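Good morning. Please look at the screen while I go through this one, and keep your questions for the end.

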Amino acid sequence: MNTTGSSLTFNPYITAFYILIYLPVWIAIISGNLLVMLAFVYHKELRKVKNYFLVSLAATDFLTGLVALPLHLVARLVVSQVTCWSSSRFIFFLPDLIFGKASAYHLLCVAIDRCLSVLRPLQYPYIVTTNRVKVFIAIIWLYNIAFVCLPLHVPSLGPDEWVCAYDHQYENEVNLLLLITAYEIPAYVLFMILVYTYVLTISFHHIKKRRELTNSMHDKNQAIADAKARFRGVVTMATVVGAFGICLLPTSFKLFFEIYIPATRETLITVQTLCEYMLFLNSMLNPIIYGYLNQQFRAGFKKVLEKVKCRYVASS
């Protein structure tokens, strides 16, 4: 261990390993989600109500890279009086839970939004308005911050312990929060899979029905194009939900593992590292999925990159 003070130590080899595997992910999270937010600002085709949740999700992922990931690495790599006492260690992982739960609720809202757009296409503009979406986004953030910060306001029932020697112990109120989160993640994923399966089925039915009911070739082509556009939007978000499930279900396992399963420190660190890496990996995937599957976001990305290129050329 390399000692930089009487109460602060870290392992340079483990630190180098973590930096090696996390640095590319951190760069991708920051740059990719910043690109999504700038595309929303500069590309007017994206400034639609249906994309508000996606931009707020991008902001959530951006903050994950900006705040949660650095604090997480500090807690995992640095042994100190601040990072290793049970009364303060949990604070370093609060942003993980806040932004992770916020991502899940954003995706739930997007699933419901896509469901309404397919099931109630005529009423959709009156049901999903800008003000309502902003209210829901505010509720998502306020609820998650209040829920995750609740243990900070509950009197501790146990002694303040040094936990870095065996990072497998939390206070009872923290364990309860982790247990609720562990059950919530698979419930979110299952609900969203059911919603998107239903919406995709309805989308196929709408495309087939419009082909049968529309008389003129022009109207038929226009109707089919509209239905396919909605279908592509659903496919994009279904892919996002699939990536979310693949990346976050290991975190649910990790939370159960930490609470209930006795394990050696080496086993625990291996499980934590793999599951936590998958969790942060999810925050970098969404911009890649948008760019690959969504034409409007792809056009927005190109516009932002062209502006950056022009400013770079002009400054040089």
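Is Cys247 buried or exposed? Cys247 is buried, because its relative accessible area is 2%; buried means under 20% relative accessible area, exposed over 50%, and partly exposed in between, with a 1.4 Å probe and protein chains only.

Before going on, a word on the source. This is a predicted model, where local features need pLDDT of at least 70 and side-chain atom pairs count only at pLDDT 80 or more, while totals for chains, interfaces and linings use all residues. Residues are numbered from 1 along each chain as its sequence is written, and side-chain values use heavy atoms, with hydrogens and water left out.

The structure holds zero disulfides, a disulfide being a pair of cysteine sulfur atoms within 2.5 Å.

Now the overall layout. The protein has 10 helices and three strands; helices (H or I, at least four residues) and strands (E, at least two) are DSSP runs, numbered from the N terminus. In order from the N terminus, the elements are β-β-α-α-β-α-α-α-α-α-α-α-α. The protein has 316 residues, and 47% of them count as buried.

Helix α1 (residues 12-42) packs against helix α10 (residues 295-315) at about 90 degrees, with the axes 8 Å apart. Axes are lines fitted to C-alpha atoms, for helices over the stretch in contact, and angles run from 0 to 180 degrees between N-to-C directions. So α1 is roughly perpendicular to α10, a label for angles of 65 to 115 degrees. On the α1 side, the residues that meet α10 include Leu35, Val36 and Tyr42; on the α10 side, Phe297 and Phe301 are among them.

Val36 brings us to Tyr290. Tyr290 sits in helix α9 (residues 265-293) and is buried because its relative accessibility is 2%. In sequence, Tyr290 and Val36 are 254 residues apart, yet C-alpha to C-alpha they are 8.6 Å apart in space. Leaving out residues up to four places away in sequence, Tyr290 touches Val36, Phe297 and Phe301, among others; contact here means heavy atoms within 4.5 Å.

Last, Thr60, in helix α2 (residues 52-77). Thr60 counts as buried because its relative accessibility is 0%. Apart from neighbours within four places in sequence, the contacts of Thr60 are Phe99, Ala102, Ser103, His106 and Trp141.

That is the end of the talk.

Technical notes: Parallel < 35°, antiparallel > 145°, perpendicular 65-115°, else oblique.
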